Amino acid sequence: MYVKIRKSTLVVCSLLAVLAVIGLCAAVLTLDLLRDGQRDDYRASVAVQWRQSVSELAEALSDLETDLQKGLYSSGSYQAVSWAARVFSHAGAARTALESLPLYELRLSGTETFLNQVGEFTLELARKQLRGETADEDEVNSLKTLALRAQELADEILSMAERISDENPDFNAMQQLLQPSEEGAEPTQFESLESIFEGDPPLIYDGDYSAWRQGRTSAWLKDLPEVSAERLLEIAGNYLSAEGVSEGVSYDQPMALREFVRGEDSVLLTCRGGYLCGLSLSREVGEGKLSLDEALRKGATHLASFGYEDMEPIAWSVSDNRVTAVYALRQDGALIYADRITVAVALDDGAILNLDATEYLLSHVPDRTVSYEVSADAARTVLRSDLRVLATDLAVLMGGDGSETLCWQFTVRGEDETKVLVFINAKTSVEEEILILVEDDDRRTAV
């Protein structure tokens, strides 16, 4: 059947189609404009945040420099603690401001190290003053250097902040200011901050960011005879089932090490002494058959067979049918926390799956002797009277400057039944450290 369509109807339909296309295009353009507007608003907001962070960084560094200068004249214990708290706060504020800038690709390790060290170092000086000790000449000179570096940093950042305030740069301009320089090109203004710290001696003190922790090596191993490559290969074969073992990578730091591999398995041996430093054995672990105590005993037995005797578990966790445990050395009657080895023991057969003895090898002193001047009973009087003592032990703590402190370790429990380790210096009776024990069926750790 033939249906006749009037010409006017075709015109109307065509017009509606054109209008629909125009409307659709307009909607798309409107969405694009809205997205562009949102993007521009977002970038403008980010640029404001970046400009504010630079301003906050300059202010924090200026306050830091002022308080470091004041510390040179502090004498009373109250002032020392108050001063250290302010310096720590200003250093943290500067670090927060710096981290809020997109500087991840910039080479600012010296600046970051400075901000990490300055707060810790001043706290250590305050602790010394509270113990009745005085800062030695090297520590005073270090404090003067820190104050000078803070002033130089503050001047540089303040100059940058003032320029940013005057020019009010947009997102693209700020991004250009904060991006890293091309390889071989002149450093950016931020990267130039690193030159401030060139030539400074390493800052060594009792803290997590102490320079002592960098470039450590084993004083014990350096006096041991060097083992031939052939003998190391033979030793590696004992751990990796002999056949198919080949040499891997050699390392110079933190000590001379040589790797040997067999498929996905690997072993790391010290070039001097031929001690086991690392072990990684890849296999499926079957259903657990051993108890936690059995697995921990198996771990100690394996360590003794590797040449690491008198090791005791101090922390552990159970997961995926394996126990990952930290063992510390018992030497001359004391628990040496620095001489520690981490191992993973399979719960199906008690075999070692992984091992890391780096800290033991770096810290071990074979002829270490333990002697205390304060008895356990005398040290116990330092504890609060409401604490119940569950166990008493001798322990050696290592500081961030490499110094060792012999302590009486008291396992105590308060009214809330929380177990806590309290360490009392066995020479001075000073309370050195407090750690909270976190324990359940599958783990034990101290925080």
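Helices (H or I, at least four residues) and strands (E, at least two) are DSSP runs, numbered from the N terminus. On that basis P254 sits in the loop between strand 1 (246-251) and strand 2. A cis peptide bond joins Q253 to P254, with omega at about 0 degrees.

This is a predicted model, in which local features need pLDDT of at least 70, side-chain atom pairs count only at pLDDT 80 or more, and totals for chains, interfaces and linings use all residues. Residues are numbered from 1 along each chain as its sequence is written, and side-chain values use heavy atoms, with hydrogens and water left out.

Start with the whole chain. The protein has nine helices and 13 strands. Its C-alpha atoms fill a box of roughly 110 × 75 × 55 Å along the principal axes. The radius of gyration (taken over C-alpha atoms) is compared with a globule rule of 2.2 Å times the number of residues to the power 0.38. A compact globule of 447 residues would come out near 22 Å, but the protein has 31 Å. Buried residues (under 20% relative accessible area; exposed is over 50%, partly exposed in between; 1.4 Å probe, protein chains only) make up 39% of the 447 residues. Contact means heavy atoms within 4.5 Å. Among contacts with a separation of 6 or more, 59% are between residues 24 or more positions apart.

Now the helices. Axes are lines fitted to C-alpha atoms, for helices over the stretch in contact, and angles run from 0 to 180 degrees between N-to-C directions. Angles under 35 degrees count as roughly parallel, over 145 as roughly antiparallel, 65 to 115 as roughly perpendicular and the rest as oblique. Helix 2 (residues 77-99) packs on helix 3 at about 165 degrees, with the axes 9 Å apart. The two are therefore roughly antiparallel. Helix 2 passes helix 3 in a left-handed crossing; a crossing is left-handed if the near helix is turned anticlockwise from the far one by less than a right angle, and right-handed if clockwise. By class, the contact of helix 2 with helix 3 has 15 nonpolar, six polar and three charged residues. Here Ala, Val, Leu, Ile, Met, Phe, Trp, Tyr, Cys and Pro count as nonpolar, Asp, Glu, Lys and Arg as charged, and the others, Gly among them, as polar.

Helix 3 (residues 109-130) also packs on helix 4 (residues 137-167). Their angle is about 140 degrees and their axes are 11 Å apart. This pair is therefore oblique. Helix 3 passes helix 4 in a left-handed crossing. From helix 3 come T111, F114, V118, F121, T122, L125 and K128; they meet E139, S142, L143, L146, R149, A150 and L153 of helix 4. These contact residues divide into eight nonpolar, three polar and three charged. What explains such spacing along a helix? An α-helix has 3.6 residues a turn, so residues three or four places apart point the same way.

S195 is in the loop between helix 5 and helix 6, and its C-alpha atom is 9.6 Å from that of T111, 84 residues away along the chain. S195 is partly exposed, with a relative accessible area of 41%. T113 is in helix 3 and is partly exposed at 28%. T113 and G278 are 165 residues apart in sequence and 29 Å apart in space, C-alpha to C-alpha.

N168 is found in the loop between helix 4 and helix 5 (171-178). N168 is not a glycine, yet has a positive phi of about 50 degrees.

Next, helix 6 (residues 229-239). Its buried residues are L232, I235, A236, G237 and Y239. Their cover includes strand 2 (257-262), strand 3 (265-270) and strand 4 (276-280). Just after helix 6, S241 takes a positive phi of about 65 degrees.

N321 is partly exposed, with a relative accessible area of 32%. Leaving aside neighbours within four places in sequence, N321 is in contact with V285, G286, E287, G288, V345, A346 and L347. D332 is not a glycine, but has a positive phi of about 50 degrees. How far apart in space are N321 and D332? They are 11 residues apart in sequence and 35 Å apart in space, C-alpha to C-alpha.
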